[in-house]
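Q: Can you walk me through this one? I'd like to go through the contacts and the packing.

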Amino acid sequence: ASLARQGGMIFADKCAYCHGQLAIGGGYGPDLRVSEFPFLEDGFRSLLRSGPMVATGMPKWDDLSDQDIAAIRQYIRSRAADLRAGK
């Protein structure tokens, strides 16, 4: 829960503009609660750090620490769990 809270703060700063508040989409980016990437630890880290989707508008976040990435990933996964639970 603590890691997800930390991730929520980072998400609000770095991701919410495109992926919407609470990771529900509605901005430029998709609803991350239904994305497979947060469930693939190495793939998620690579997606954020290496920037394979820069050409499609996804920024490269090479300034994020491993802890930051783990926290964002946990936040998104907790939001996906809330969606599955009907919250």
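A: Let's begin with Phe11. Setting aside neighbours within four places in sequence, Phe11 is in contact (heavy atoms within 4.5 Å) with Ala16, His19, Gly20, Ala23, Leu32, Ile72, Tyr75 and Ile76.

Q: What kind of model is this, and how are residues numbered?

A: This is a predicted model, with residues numbered from 1 along each chain as its sequence is written. Local features need pLDDT of at least 70 and side-chain atom pairs count only at pLDDT 80 or more, while totals for chains, interfaces and linings use all residues; side-chain values use heavy atoms, with hydrogens and water left out.

Q: Is Phe11 buried or exposed?

A: Phe11 counts as buried, at 1% relative accessibility. Buried means under 20% relative accessible area, exposed means over 50%, and partly exposed is in between, with a 1.4 Å probe and protein chains only.

Q: Which residues have the most contacts inside the largest nonpolar core?

A: Phe11, Phe44, Leu48, Leu64, Ile72 and Ile76, in a core of 16 residues. The term means a set of buried Ala, Val, Leu, Ile, Met, Phe, Trp, Tyr and Cys residues joined through side-chain atoms within 4.5 Å.

Q: And which helices supply that core?

A: α1 (2–14), α3 (41–50) and α4 (66–84) each supply at least two residues. The largest share, five residues, comes from α4. Helices here are DSSP runs (H or I, at least four residues), and strands are E runs of at least two, numbered from the N terminus.

Q: Back to the rings. How many aromatic pairs are there?

A: One. Phe11 and Tyr75 form a tilted pair, 5.2 Å centre to centre with 45 degrees between the planes. Phe11 is in helix α1 and Tyr75 in helix α4, 64 residues apart. Tyr75 is also buried, at 10% relative accessibility. The rule is that rings of Phe, Tyr and Trp (its six-membered ring) pair if their centres lie within 6.5 Å; planes under 30 degrees apart are stacked, over 60 edge-to-face, and the rest tilted.

Q: Backbone next. What is phi for Ala23?

A: Ala23 has a positive phi of about 65 degrees although it is not a glycine. Ala23 is in the loop between α2 and α3 and is buried, at 0% relative accessible area. Leu22 also has a positive phi, near 65 degrees. Leu22 lies in the loop between α2 (16–19) and α3 and is partly exposed, at 46%.

Q: How many salt bridges?

A: Seven, counting a side-chain nitrogen of Lys or Arg within 4 Å of a carboxyl oxygen of Asp or Glu. One of them joins Lys14 and Asp63 at 3.1 Å, N to O. Lys14 lies in helix α1 and Asp63 in the loop between α3 and α4, so the pair ties together parts 49 residues apart in sequence. Lys14 is partly exposed at 23%, and Asp63 is exposed at 51%.

Q: Which of the salt bridges has partners that are buried?

A: Arg33 and Asp31 meet at 2.7 Å, N to O, and both are buried.

Q: What about Arg45 and Glu41?

A: Their side chains meet in a salt bridge at 3.3 Å, N to O. Arg45 and Glu41 are four residues apart in helix α3, so about one helical turn separates them. Salt bridges that share partners join Glu41, Asp42, Arg45, Arg49 and Asp66 into one network.
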